[in-house]
Amino acid sequence: MMRIERLGFTYSKNTVDECRVLEDISFHIQEGEFIGLIGSSGSGKTTLIKHLNGLLKADSGAVYFQGQNIYDKGYVLSKLRKEVGLVFQYPEHQLFGRTVLADVCFGPQNLGMSKEEAEKSARDCLELVGINESYYHTSPFELSGGQKRCVAIAGILAMQPKILVMDEPAAGLDPETKHMIFDLVEEIRKKRNIAIVLVSHHMEDVAYYANKVLVLHQGRLVLTGEPEEVFTKTEFLREIGMDVPQITSVTEKLMKEGFPMVNPAITVKEAEERILKVFRERGGAE
Amino acid sequence: MIRDITIGQYYAQDSSIHKLDSRTKLMGVLIYIVALFLVKNPWWYLLLFAVILALYRLAKVPYGYLLRGLKGIVILLIFTFVFRLISTPGIPVAQLWIFTITGEGITKAISLTVRIALMIIGASLLSYTSTPRELADGLEKAFGFLEKIHVPIHDMAVIVMIAFRFIPILIEETNVLMDAQASRGVEFEKCSVWKKCRNIFSLLLPLFLSAVRRSSDLAMAMEARGYSGEGETSRMYPLRYHSGDRIAYVLMFLFLAGVIVMRVVNIY
């Protein structure tokens with residue numbers, strides 16, 4: 001659906017603080033994929049996702065959306081922005097509507113939906129993120145932090161994007177709200193068959209939800225693959241200053257102590273299954 | 001357009017101007033502005049312009065920054081120019097519809113516009129070469145004598161410093177908000193004036209809220225560290241005059257004396 005080819009980007013070009021941020025990045029996003037984008041601070045994650053809906057223009061390489069180069073002359077970027085929804089860090093800071101419903105309608109209406117369509121879409125999305133109808137006509141500033149975040153995410157979802165990009169959507173949220181948001185995103189992905197790109201520092205979340213992981217280091221894509229592939233390269237990840245899921249470290253240590261496992265596990269569930277399996281086999285043998 | 005505001009932004013360089021005491025620089029700006037008002041013959045503005053160009057060179061600030069400061073007041077400059085041009089009595093040189101342009105009008109318009117522009121350029125140099133902290137310290141020291149008559153100079157200096165410090169933060173915040181709202185389909189450049197006003201609102205409200213949120217956080221943090229604004233505090237970087245400052249003061253006063261002499265003698 002989207003193809004990024006040899007993307008390169010430089011900040012403040014031709015000034016003293018010129019800084020090469022992205023270099024030779026290529027990957028693609030397909031329908032229904034859940035991509036986890038990880039990398040240490042300053043590795044260029046946020047810069048990269050700003051290219052996905054044309055907020056930044058790369059100085060080399062190209063981005064193809066549904067076969068069309070978005071840097072072509074005459075390509076309407078606002079169309080792309082409808083299809084690629086971007087949820088920034090702390091999205092609740094962008095709220096400004098008089099009511100919750102009006103704020104969620106803002107995006108879709110800007111992007112050409114009629115008032116009725118926008119409202120219907122907004123109501124659907126608010127229901128999805130678990131905002132009760134009784135809040136629709138209150139001011140968004142009266143809600144709690146977590147609820148505000150949900151409203152802001154609904155504001156992007158209401159545009160019915162085909163790719164949903166989220167930059168640290170769970171930063172500063174309690175575990176319950178966090179899981180609610182991730183489960184919700186997962187549900188929407190399955191229901192609408194959209195692609196999700198999740199930027200996160202939290203390896204457990206990425207390991208649990210993503211089915212493809214991209215690792216960014218100093219502006220380059222250093223590792224791509226399924227979560228099992230990526231997270232089991234623990235040495236390499238630690239070398240570039242990244243973490244691995246806790247459970248991966250634990251199972252890795254178990255393996256070192258001689259516990260019979262082929263690969264470290266990346267989710268708790270997986271670890272549980274494998275360990276139980278080993279014990280069951282042992283039990284059977286005895 | 002909103003993205004390139006530079007007022008209140010420090011341009012880090014290692015130059016003799018950057019090293020000057022901020023009080024010296026404040027005095028310098030003051031003298032420069034006074035000189036701008038003392039000058040009568042518009043040709044002398046060329047000299048004053050040359051002086052500021054030389055100072056920018058000395059401070060190693062690129063000339064591009066000179067114009068950046070002016071961008072914000074372009075409308076003011078145009079208005080000043082046009083109204084001076086058509087509303088000064090004198091010998092008419094041209095007639096445009098109901099407006100008469102006079103010879104005096106032309107000179108007055110040019111000199112007034114240039115005067116404002118040079119004032120801004122001079123003041124920008126101050127903010128390019130001194131950090132907000134230095135500026136606030138300088139202001140506090142320079143006006144410290146007013147504390148004796150119970151003017152709260154220290155508090156004012158802190159307020160000024162914080163205000164300066166917030167400018168880059170708010171600019172950054174605006175950029176983030178512009179990206180976020182652009183992702184929700186807001187156009188900031190290619191649309192009608194009416195739409196533009198409505199769209200700007202989608203920036204202003206969140207920006208205002210975040211300014212309030214940030215300042216209340218800051219107040220809380222200051223209080224948590226026991227800040228009360230009372231009593232003498234020691235300084236991490238005490239202001240001290242160096243030999244460079246002495247030279248600068250001598251040059252500044254020679255410059256001022258020169259301008260005054262010219263004005264009094266009225267040679268040119």
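Two strands pair if DSSP finds at least two bridges between them, and strands themselves are DSSP runs of E at least two residues long, while helices are runs of H or I of at least four, both numbered from the N terminus. This is a predicted model, in which local features need pLDDT of at least 70 and side-chain atom pairs count only at pLDDT 80 or more, while totals for chains, interfaces and linings use all residues. Residues are numbered from 1 along each chain as its sequence is written, chains are lettered from A in the order in which they are written, and side-chain values use heavy atoms, without hydrogens and water.

Start with chain A. Strand β3 (34–38) runs parallel to strand β8 (195–199), and 4 bridges join them. Within this pair, F34(A) stands opposite I196(A) of β8(A). Both strands belong to an open, mixed sheet of 6 strands in chain A, ordered β6-β7-β8-β3-β9-β10.

Now turn to the interface. Here 16 residues of chain B are in contact with 19 residues of chain A, where contact means heavy atoms within 4.5 Å. The two chains bury about 1,700 Å² between them, 59% of it on carbon and sulfur atoms; buried area is the accessible area (1.4 Å probe) lost by two parts on being put together, summed over both. Of the area that chain B buries against chain A, D179(B), S183(B) and R184(B) supply 39%, more than any other three residues.

The interface also has 2 salt bridges, each a side-chain nitrogen of Lys or Arg within 4 Å of a carboxyl oxygen of Asp or Glu. One of them joins R184(B) and D103(A) (2.9 Å, N to O).
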